[in-house]
Amino acid sequence: ERQQEQHQIFFEVLKLKFRIMLTYWLSPLCREVNLIKTLTPRTQRFSLAVDDNEMQQSPHNRSSTRTATILKKTKRWACVENCGACCYLEPSEREDLNEWLDPDERIQYESMVGNDGWCVYFDKITRLCTIYDDRPDFCKVEANSFQSMYGIHSDDLDNFCTSCCREHISDVYGLNSQEMRRFNGALKSLRRSASQKARASLSSTPSLPASSINENNEGV
């Protein structure tokens with residue numbers, strides 16, 4: 001019987017290790033296709049949080065899905081206007097808060113959560129933060145904040161922010177929402193701009209005179 005118990009424990013540990021490995025390898029893919037969570041789209045929750053008149057006034061309903069005003073950007077990441085997905089703070093859907101925040105920050109975080117799960121300082125009409133200049137450190141997308149909270153090196157910040165934004169936007173508004181299309185469009189614009197700058201830099205690099213090239217080839 002003891003041997004059977006040992007075998008059972010061994011297989012349980014083996015299954016646990018397998019599940020951890022599977023989660024590690026598949027979680028990025030699942031995040032991209034929105035399979036980590038099968039949530040009821042919170043677009044409904046957002047629309048229920050404001051009345052019809054407010055929804056009509058919202059710039060979100062007047063803006064094009066093909067263009068996006070970029071509020072903040074780095075080399076490969078951008079925060080776009082008319083989003084605010086990261087301002088949905090429902091603690092029950094952010095299970096790792098205790099790992100990210102110290103006790104005082106956790107208290108401050110929970111004090112910012114409204115009855116509908118949205119931050120109380122989030123303006124649902126403009127979709128902007130009403131305390132942006134005085135917002136807590138855990139709301140700031142900055143290298144120092146992400147290094148201390150998540151252990152993310154500055155070189156990995158863009159990829160990490162992009163992944164987080166896509167997950168939040170997908171959960172809040174939907175994988176095929178206008179917000180997601182605007183976000184992806186902004187990233188595409190950044191890549192296109194970087195590519196154009198790279199080509200311009202290459203074209204402006206002076207070439208060697210033909211005589212110099214011939215002299216270098218003589219010794220080959």
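Is Tyr 88 buried or exposed in this predicted model? I looked this up first: Tyr 88 has 4% relative accessibility and counts as buried, where buried means under 20% relative accessible area, exposed means over 50% and partly exposed lies in between, with a 1.4 Å probe and protein chains only.

**Ground rules**

I noted that the model is predicted, that local features need pLDDT of at least 70 and side-chain atom pairs pLDDT 80 or more, and that totals for chains, interfaces and linings use all residues. Residues are numbered from 1 along each chain as its sequence is written, and side-chain values use heavy atoms, with hydrogens and water left out.

**Overall layout**

I found nine helices and four strands in the protein, taking helices as DSSP runs of H or I with at least four residues and strands as runs of E with at least two, numbered from the N terminus. Read from the N terminus on, the elements follow the order α-α-α-β-β-α-α-β-β-α-α-α-α. Of the 220 residues, 26% count as buried. The accessible surface comes to about 15,500 Å², and 52% of this belongs to carbon and sulfur atoms; the areas come from the Shrake-Rupley method with a 1.4 Å probe, and for residues only the protein chains shown count as cover. For contacts, meaning heavy atoms within 4.5 Å, I noted that among those between residues at least 6 apart in sequence, 62% join residues at least 24 apart.

In soluble globular proteins, nonpolar side chains tend to be buried together. Leaving aside neighbours within four places in sequence, I listed the contacts of Ile 169 as Cys 83, Ala 85, Gly 174, Ser 177, Glu 179, Met 180 and Phe 183.

**Aromatic pairs**

I counted seven aromatic pairs, the rule being that rings of Phe, Tyr and Trp (its six-membered ring) have centres within 6.5 Å, with planes under 30 degrees apart called stacked, over 60 edge-to-face and the rest tilted.

Why is the pair of Tyr 109 and Phe 138 tilted? Their planes are at 55°, with the ring centres 5.8 Å apart, so the pair is tilted. Tyr 109 lies in helix α5 and Phe 138 in the loop between β4 and α6, so the pair ties together parts 29 residues apart in sequence. Both are buried, Tyr 109 at 3% relative accessibility and Phe 138 with a relative accessible area of 13%. I also saw that ring pairs link Trp 100, Phe 146, Tyr 150 and Phe 160 into a cluster.

**Charged side chains**

A search of the whole structure gave me five salt bridges, each a side-chain nitrogen of Lys or Arg within 4 Å of a carboxyl oxygen of Asp or Glu. In one of them Glu 179 meets Arg 127, with the closest N and O atoms 2.8 Å apart. Glu 179 lies in helix α8 (residues 178–204) and Arg 127 in the loop between β3 (122–123) and β4 (128–129), so the pair ties together parts 52 residues apart in sequence. Glu 179 is buried, with a relative accessible area of 5%, and Arg 127 is buried with a value of 5%.

Glu 110 pairs with Arg 106, again with the closest N and O atoms 2.8 Å apart. These two are four residues apart in helix α5 (residues 103–111), and so are separated by about one helical turn; Glu 110 is partly exposed, at 38%. Lys 140 and Asp 137 form a further salt bridge, 3.4 Å from N to O.
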